[in-house]
Amino acid sequence: MSASSAINSSIFVLRGFPGLGQYYPWFSIPFSTIYAVVLLGNGLVLHVIRTEPSLHQPMFYFLAMLALTDLCMGLSTVHTVLGILWGLSQEVSLDACIAQTYFVHGLSCTESGVLLAMAFDRFTAICNPLRYTGILTNRRIIHFMVSIVMRSAVSILPVIIRLKFFHYCRPHNLSHSFCLHQDLLRLVCSDIRFNSFYALALVVCTLLLDAVLILISYVFILQTVLAIASQEERLKSLQTCVSHICAVLVFYIPIIGLTMVHRFGKHLSPLVHILMGNIYILFPPMMNPIIYSVKTQQLRRRMKKWFSSKM
């Protein structure tokens, strides 16, 4: 597609791995495997939690929401990422690109909220165990989940809607194999100050605030654990947090890396941007079911039982 035709159309061109097109068939194998792990792994976590009554507890309700969020993230990007590697299409319409942008950013915000809710669950279980069941009732958990979804779905709408009415005067070549808000803004010749400031404020009020609250919750958890006399009990309490800590690191480190690359890495090779983008959308959904199936004893036991029944 020529630059002039790209500017005058509503079709955008996604980017694979520049200069490595001949290797796409080989790249498609690990990427297809990763997406299979994302979809099957999170689907299995959801199935085991849904069918096993002993896992119908607050911690696993939040884990189910995390798995559902990761599953949706995989579904929202699989068609463009694998579409490029399989040689199907590198083009996407403006409406489809805006829709994908909404889901990618909305699901990231949802995952951040779920991780905060899981931190509150661990905080309550360790710092206030006698009131755990009274605080985290099914009704309150539903309220938490609805609030997380509504925050994610509604808060990003203003910037997403404005993307539809911008004038895209620059060549419609995107930097990733999926659509991002900041990537689309690069192609706009209209006034983007509202989108830039609102997006920054949104990141501060959601992702950054969630991270700070998670950190504060673990400060209190650590204080409580260190006050326990028995070393065995201290280790047992901390072990219940290992999976969540890993999930937090797996989520926030790629976001920080992608942000740093976009902000300060303009001189870097496009391959670095594309690699960081793929890590951002694929690493957390792939790793979370692995982390929780390995580190969470109840879930691991039920998964072994499920696999044994299918053998």
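Visitor: Where is the kink in H9 centred?
Guide: The kink in H9 is centred on Leu209 and comes to about 30°. The bend at a residue is the angle between axes fitted to the seven residues ending there and the seven starting there. Bear in mind that this is a predicted model, where local features need pLDDT of at least 70, side-chain atom pairs count only at pLDDT 80 or more, and totals for chains, interfaces and linings use all residues. Residues are numbered from 1 along each chain as its sequence is written, and side-chain values use heavy atoms, leaving out hydrogens and water.

Visitor: How many residues does H9 have, and what span does it reach?
Guide: H9 covers residues 193-226, 34 residues in total, and reaches 48 Å from its first C-alpha to its last, close to the expected 50 Å. That expectation is 1.5 Å times one less than the number of residues. Helices here are DSSP runs (H or I, at least four residues), numbered from the N terminus.

Visitor: Which helices do the buried residues of H9 pack against?
Guide: They pack against H4 (94-127), H6 (138-155), H7 (157-163), H8 (181-185) and H10 (231-264). Among the buried residues of H9 are Asn195, Thr206, Asp210 and Tyr218. Buried means under 20% relative accessible area, with a 1.4 Å probe and protein chains only.

Visitor: Switching to pockets, how much space lies in the largest one?
Guide: About 1,400 Å³. A pocket is an open set of points on a 1 Å grid over the protein atoms alone, with protein on both sides within 12 Å along at least five of seven lines, and lining residues have an atom within 4 Å of a point. The volume is the space filled by probe spheres set on the points, which are joined across faces, edges and corners.

Visitor: Which residues lie nearest its centre?
Guide: Of the 36 lining residues, Gln182, Val203, Thr259, His262 and Arg263 lie nearest the centre of the largest pocket. H9 gives the largest share of that lining, 10 residues.

Visitor: And how many cavities are there of 30 Å³ or more?
Guide: The search finds 4, a cavity being a set of points where a 1.4 Å probe fits but cannot get out. The largest cavity has a volume of about 60 Å³, and its lining includes Met59, Asp121, Arg122 and His244.

Visitor: Is Leu299 buried or exposed?
Guide: Leu299 is buried, with a relative accessible area of 0%. This residue lies in H12 (residues 297-310).

Visitor: What does Leu299 touch?
Guide: Not counting residues up to four places away in sequence, Leu299 touches Val48, Ile49, Leu55, Phe60, Leu63, Tyr292 and Ser293, where contact means heavy atoms within 4.5 Å.

Notes:
Helix = DSSP H or I, 4+ residues; strand = E, 2+ residues; numbered from the N terminus. Buried < 20%, exposed > 50% of the residue type's maximum accessible area, 1.4 Å probe, protein only.
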